[in-house]
Amino acid sequence: MFKEMSIKKFMDETSSDSPAPGGGSIAALNGASAAALIQMVANLTLGKKGYENVQKEMEEIKKTAQDYKEKFINYIDEDANSFNSIMAAFKLPKNTDEEKNERKNIIQESFKKAALVPLNVAKDAYELFFLAEKVVLKGNKNAVTDGAVAALSARTAVISALYNVKINLGSIKDEKFTEAVRRDVCELESKVNDKEREILSKVNL
C-alpha cells in the first residue's frame, strides 16, 4: 500500500484530509530513514583504507540495518491498517445486544493492536541507537554526521511512536494490558534522550 508509493505521493497522501497515514506511519518512516543511514555509513566503511579492522563488524551492521529498514517500511502500512481497523469496527452493526457486544470487543481489540504497532516501532527504533553509535565511533569519519542524523531520526521515531501508543491506551478498558504497555512506554521514555545525547557527544567535527 503506502510503502510502495513514491516519496512525493506518500507525502501528498499524508498531507491530505485522510487520517491515515498519520503520525504512526511517519514514526515508522523515521525509523526506516535511521536504519538506511546506518546502512549507508557501513557501506561507506566497507573496503576503505584505514578501516580494515572493522570490516566484519560493518558487514554485520549492514545486514542488521537492512533487516530493520524492511521492518520499519512494513510498519508504515501496519500502523495505517491498524487505524483503519478501528474505523471499520465503529461501523459494525449494533442492532442487537449480541451485535453490540461483538462490536465492543472488536473495537477494543482494534485499539490494542493500534497501540502495539507503534510500541513495536518504538522498541525497534531504540535498538537502532546501538547501531548508530557503532558507525559514529568506528565508521567512515567522512560520514560521521550521517550516523548522527541516524541517531536523531531514531529518537524521533521512538518519541513519536510512543505518543501514538499513549493516545490509543486512553480508549482501552483492559487495565492489565494498559498497565503493562505503560511500563514499556515509561522505560523507553526514560532512556531515549540520554542515549541520543550520549551518541551525539561522540560526534567530533
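**Salt bridges between and within helices**

Lys195 has a relative accessibility of 9% and therefore counts as buried, where buried means under 20% relative accessible area, exposed means over 50%, and partly exposed lies in between, computed with a 1.4 Å probe on protein chains only. This is a predicted model, in which local features need pLDDT of at least 70 and side-chain atom pairs count only at pLDDT 80 or more, while totals for chains, interfaces and linings use all residues. Residues are numbered from 1 along each chain as its sequence is written, and side-chain values use heavy atoms, with hydrogens and water left out.

The partner of Lys195 is Glu198, with which Lys195 forms a salt bridge whose closest N and O atoms are 3.6 Å apart; a salt bridge is taken here as a side-chain nitrogen of Lys or Arg within 4 Å of a carboxyl oxygen of Asp or Glu. Lys195 and Glu198 are three residues apart in helix H6, so about one helical turn separates them, helices being DSSP runs of H or I with at least four residues, and strands runs of E with at least two, numbered from the N terminus. Glu198, at 34% relative accessibility, counts as partly exposed. Through salt bridges that share partners, Glu133, Lys195, Glu198 and Lys202 are joined into one network.

Glu196 is buried, with a relative accessible area of 12%, whereas Arg155, with 26%, is partly exposed.

The side chains of Lys71 and Asp124 meet in a salt bridge of 3.0 Å, N to O, and the two residues, 53 apart, lie in helix H3 (residues 55-90) and helix H4 (residues 97-138) respectively. Here Lys71 is partly exposed at 37% relative accessibility, while Asp124 is buried, with a relative accessible area of 11%.

How many salt bridges does this rule give? The count comes to 14. Over residues 6-184 the chain is 81% helix and 0% strand, with the end C-alpha atoms 34 Å apart.
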